[in-house]
Amino acid sequence: MITEFYKIHSWFKETRSAQTLQQSSGTQNMLNLTPHAGRKPFVSSFNYNVFFSHLSQVLNIKKFNYPQISNIVQKDSVLQIAIKQAVEQILREQRSSNGTRILDRLKNDHNQDSNARSEQEELNYQKILKSQEKRTINTLKNMRSSINTFLIQLTSWVLYKLLPCFLTGVVTNTKQIKMLKKISDDAPGVPLIFVPLHRSHLDYIMVTFILANNDIRCPIVAAGDNLQIPVFGGLLRGLGAFFIKRKIDPVVGNKDILYRAILQLYIQHALKNGHNIEFFIEGGRTRTGKPCMPKGGILSVVVNAFMDHSISDALLVPVSVNYERLVDGNFVREQKGQKKEAESFSKAISAIWKALTSNYGLMRIDFNEPYSIRQLVQSYNKITKDETLPNSYISAQRVLQHNQSTSSLYGTDVVCEEHRNLIDSISRQIVYDCAQATSVMSTNALSFILLTEHRQGATGKEIAKSFDTLRESLFGQKDLGFAGESLQIVFYAADLLGDLITTYTKDGETIFKPQSNIESMIELSYYSNMLTPHFALQSILLTTFHSLLPTKEESLSESDESPLIGITRTKLVEVAEQNCDVYRYEFILCKPTENLKDALYNALDVLIERQYFNMNEKLFICEADYVKYTKTSYFEDGSEDDYNDVEQPDIFFDRESIKMQKAICEVLAPFANSYLAVAQSLYILYNNPTLETEFIKIIINKLIANVKEGQCIYAESVSIDSVRNCLKLLEKWSVVQIYNANGMRLIALNRLYELNIESLNPIIQRISAVVPIYDNGYF
């Protein structure tokens, strides 16, 4: 029986080994590293450090003091003020609902003499005060972290044993770990703020696992209170989770002063008492595979702690996390507009069992270069004083100073314009850097290639050739989480993606084709979208370029010769910059300190270097939005005086690279089609305010119908995230207004569009400009 067990165990290890790709250079599998284990000097021949390496590792990790924070918060005088403010807010609401006005003295006086109130008012006041004090205790009890070393050790040992059952490795760069250890040792009083992009519930557990086993203080982690489920909620709390309400303000427009104050003070005192902190700047897990727009609430609290001298400094550590196959499953239901299933104990058990019997490939974690809060604030103040910088670099005209807010107690609010600009800049920088530093996994590359180049399927050799081209284009710009021959990687990634890809043999060649159903395409796009931000500017430029070209028939109508169609770089970048605004809530297209126009010119240089354009210079005649070149002069004397004052175009359509051009245009095509469907649905709102949820449902159903009827080839355009982002854009453009009425969230057209429905046409045309044109005769 024992012999049979070892045979099975050996077969399991060999199978996993065969399925594993070569790791990229400079990285190591954390599951194979046990720095505290191994043979020690001056010990007996039986050394448990050798025979029980995982046990030895977790028992010998460095132990830190993790002070409890809730009692400290409860005694804070600021919290007592917040409790009184909450009581007075409730009294205002009560009196307002009774048709009476609140006494003016309640607005500003926090220390009124109780004798000045009527007896009934005093009794009511004391009753509400007690309820708010009780609420404070319960809130702190539900929020608090109870991080402890024993549970970290126990969980680490369990992870060493269980993770190899469903992950072939947890890979990170050893130089990054050494960097963090050095920073932590050199400045023990400076807290580390870990800011990962959020993909899976496994993210925070694995960050803690890696830090603990490399003798770095584990952070307390901001987690949604939806994870407070039996057993697992307590486990997460012991590993450092402090739970935050998913919706801080129960009523839109009515701020929960007390809860905000408790949250602010908890984080502030945690930092003052030496805790490291981890929070997800996107707020929740990405449902699309690409980074979400940042939420600056907790970041603002950290900056506040520095500004009011609670801490001398803090180091923000962006963390990039990626998986070859997502352990959490997929978000197809939510993208199709269906309600998210609530977390539960039974669901968690089922997910764990499924994980233990599956293969999810590699997990990759990268710890990026930290930012100093002190240096960021100093740099911001310096930039705002520098009048020589372009306006795009200057977010405000005044120097950022700390000014305590007594009305909001900061909470998670940004309380002044300068502070808001700083928080927005830092948070966008973090998301941008994390996206740039996220390693490309094999499944990301295969999905991207299939959806942009080989949507109708291709042989393994053809896909391997595209793999080589992609790897070459990413060289030096993004880290690849795989190595080896491209054909081997294609087969490996296809195996991991499983039912999302159809694999069959034809004429001795293996054909790979993405499943054509909506659900599979949405899930496949999740892995593809990891690369989308990297190619976004290039996609916008090429889509814009083709939108400015005449149709092929028009280009041939005036001459029998084969003309070269071209435009100026200036014209291309100018129009592309306008098109970038369409994606303002979808992508962070450049660094906050970088001019978008400069970023577009840089992306254009990359396209030129890769020969996506024909750069021949010819004589020309001017047209409205483009310039047509011919191989012969239209001027008999050959004089240049007639056209010397016209800006000469310098980029031309190239027929040789048309396939590559289309692949780049395809990168953003699904998003563009989602946005167009939203714009075309605006007519529904004419004199017809609608529930926002109902309007979104109408658009999703329209997208699904378009796919099924063949009007749209991009099944992944069925995305509730893109629909919502487009509605934010239309609200920003003042096309629609979203408001609350009797507890319902309604959407309606703004007055200009209600008066003249034809005014919607320019809006639709503006969004149509980002949709790739494939019927102009060039493709």
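Visitor: Which residues do ring pairs link into a cluster?

Guide: Tyr583, Phe587, Phe671 and Tyr675. Keep in mind that this is a predicted model, where local features need pLDDT of at least 70, side-chain atom pairs count only at pLDDT 80 or more, and totals for chains, interfaces and linings use all residues. Residues are numbered from 1 along each chain as its sequence is written, and side-chain values use heavy atoms, leaving out hydrogens and water.

Visitor: How is a pair of aromatic rings described?

Guide: By the distance of the centres and the angle of the planes. Rings of Phe, Tyr and Trp (its six-membered ring) pair if their centres lie within 6.5 Å; planes under 30 degrees apart are stacked, over 60 edge-to-face, and the rest tilted. That rule gives 15 aromatic pairs here. Take Phe587 and Phe671: their centres are 5.3 Å apart with 70° between the planes, so the pair is edge-to-face.

Visitor: Where in the chain do Phe587 and Phe671 sit?

Guide: Phe587 is in the loop between helix H24 (569-580) and helix H25 (596-609), while Phe671 is in helix H27 (residues 669-680), 84 residues apart. Helices here are DSSP runs (H or I, at least four residues), numbered from the N terminus.

Visitor: Is Phe587 buried or exposed?

Guide: Buried means under 20% relative accessible area, exposed over 50%, and partly exposed in between (1.4 Å probe, protein chains only). Phe587 has 4% relative accessibility, so Phe587 counts as buried. Phe671, with a relative accessible area of 6%, is buried too.

Terms used:
Helices (H or I, at least four residues) and strands (E, at least two) are DSSP runs, numbered from the N terminus.
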